[in-house]
Amino acid sequence: MDTMRDRFTSVASRLLDEDPRLAVVLAVISGDRFTEAARRHPDRVIDVGIREQLLVSVAGGLALSGLRPIVHTFGSFLVERPFEQVKLDLGHQGAGAVLVSSGGSYDIAAGGRTHQAPGDVALLDTLDGWTVHVPGHPDEAEALLRHAAADDDHRVYVRLSEQSNRDARPVSPGRFRVLREGRAGVVVAVGPLLDAALEAVADLDVTVLYASTVRPFDASGLRAAVAGADAADVVLVEPYLAGTSASFAAEALLDLPHRVLALGTAREELRRYGTWQEHVAAHGLDAAGLRARIGDFLAGSRRPAGLAGQGVR
């Protein structure tokens, strides 16, 4: 199976042939994968070199000229390093673009902290008007990229990773998908963590929602799932900074007594290299780690009255 990054570069190249509004803006990363596309469309494949601030500023200019730029590099270089340009050249100017990152939170573990971006979605949450897609399979990445490319002037972030689920799921941008129903609580699994989450709760009586789009947050979908459960206990399983969506879940359930367990990457920096699989396990985001924490959390709702808390853990 190809990776999400493989699928992105091949689909983006075809999209350039299909839609003259589109342009691809690069900062060296994946440039070799667009050689043929650049030959066919030399005015719409632009490599600015290792200048990530310029990468986003060029995208803003292209958008203001009427094009729909697709901007690509690793997440830490796409959101964190040029954040001022994301805020001003896109957001402040009301310019639309599709930012497509690669590397997830720690895919490039051997690259060290400079190549890790577990805080990218949380950082974009400080800005308004962003749609955020987190596909869990290359087929989903293709569907969401095509949707984003055709999304007129909106600002869209597509977060790609090496980690992938075994099977693709139908995507409905902006809506959570109900994969199974239960009474003991609700688990929201985001993108590539779905397989681990499903394995972790295989013997638990919980509803599982799948999110390949996290912004906008599907508040009505979460409320509907909670309404079908015996307790308003919600577990968020996200492949980036733990707690990133906790405030959105809390706001969705504002008028209901509820508990939220937010699982994701820890704030503590892992000062080791290794593989992304080892980082997943170290953050407790593999099936075993998720099973232990979700089991303990749901067991808390069955304690005698007065011992179970409300709010965000």
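Visitor: On what basis are the values given, and from which number are residues counted?

Guide: This is a predicted model, in which local features need pLDDT of at least 70 and side-chain atom pairs count only at pLDDT 80 or more, while totals for chains, interfaces and linings use all residues. Side-chain values use heavy atoms, leaving out hydrogens and water, and along each chain, as its sequence is written, residues are numbered from 1.

Visitor: What is the average twist from one strand to the next?

Guide: The value belongs to the sheet of 7 strands with mixed pairing. From one strand to the next, the twist averages 20°.

Visitor: Is strand β5 buried on its two faces or exposed?

Guide: In a regular strand the side chains alternate between the two faces of the sheet. In β5 (residues 130–133), W130 and V132 lie on one side, with T131 and H133 on the other. Buried means under 20% relative accessible area, exposed over 50% and partly exposed in between, with a 1.4 Å probe and protein chains only. Both faces of β5 are covered, and these four residues are all buried.

Visitor: Which residue of β10 stands opposite V132?

Guide: Strand β5 is joined by 4 bridges to β6 (residues 155–159), and the two run parallel. With β10 (residues 213–215), β5 has 2 bridges and runs antiparallel. In β10, the residue opposite V132 is R215.

Visitor: Which residues of helix α9 are buried, and which strands and helix do they pack against?

Guide: In α9 (residues 219–227), the buried residues are G221, L222, A225 and V226. They cover an arc of only 135° around the axis, taken from the directions from the helix axis to the C-beta atoms, which puts them on the same side of α9. The face turned away from this buried side carries the exposed residues A224 and A227. Contact means heavy atoms within 4.5 Å, and the packing partners of the buried residues are β8 (186–190), β9 (207–211), β11 (233–241) and α10 (246–252).

Visitor: With which side chain does R159 make a polar contact?

Guide: R159 is found in strand β6 and counts as buried because its relative accessibility is 3%. Among the residues that R159 touches are S101, H133 and Y240. A polar contact is a pair of N or O atoms within 3.5 Å; within protein, one must be able to donate a hydrogen and the other to accept it, and residues adjacent in sequence count only if both atoms are side-chain atoms. At 2.8 Å, the side chain in polar contact with that of R159 belongs to D120.

Visitor: Which side chain makes a polar contact with that of E52?

Guide: E52 lies in helix α3 (residues 52–64) and, at 4% relative accessibility, counts as buried. Not counting residues up to four places away in sequence, E52 touches F77, R81 and P82. The polar contact, at 3.3 Å, is with the side chain of R81.

Methods
Two strands pair if DSSP finds at least two bridges between them. Axes are lines fitted to C-alpha atoms, for helices over the stretch in contact, and angles run from 0 to 180 degrees between N-to-C directions.
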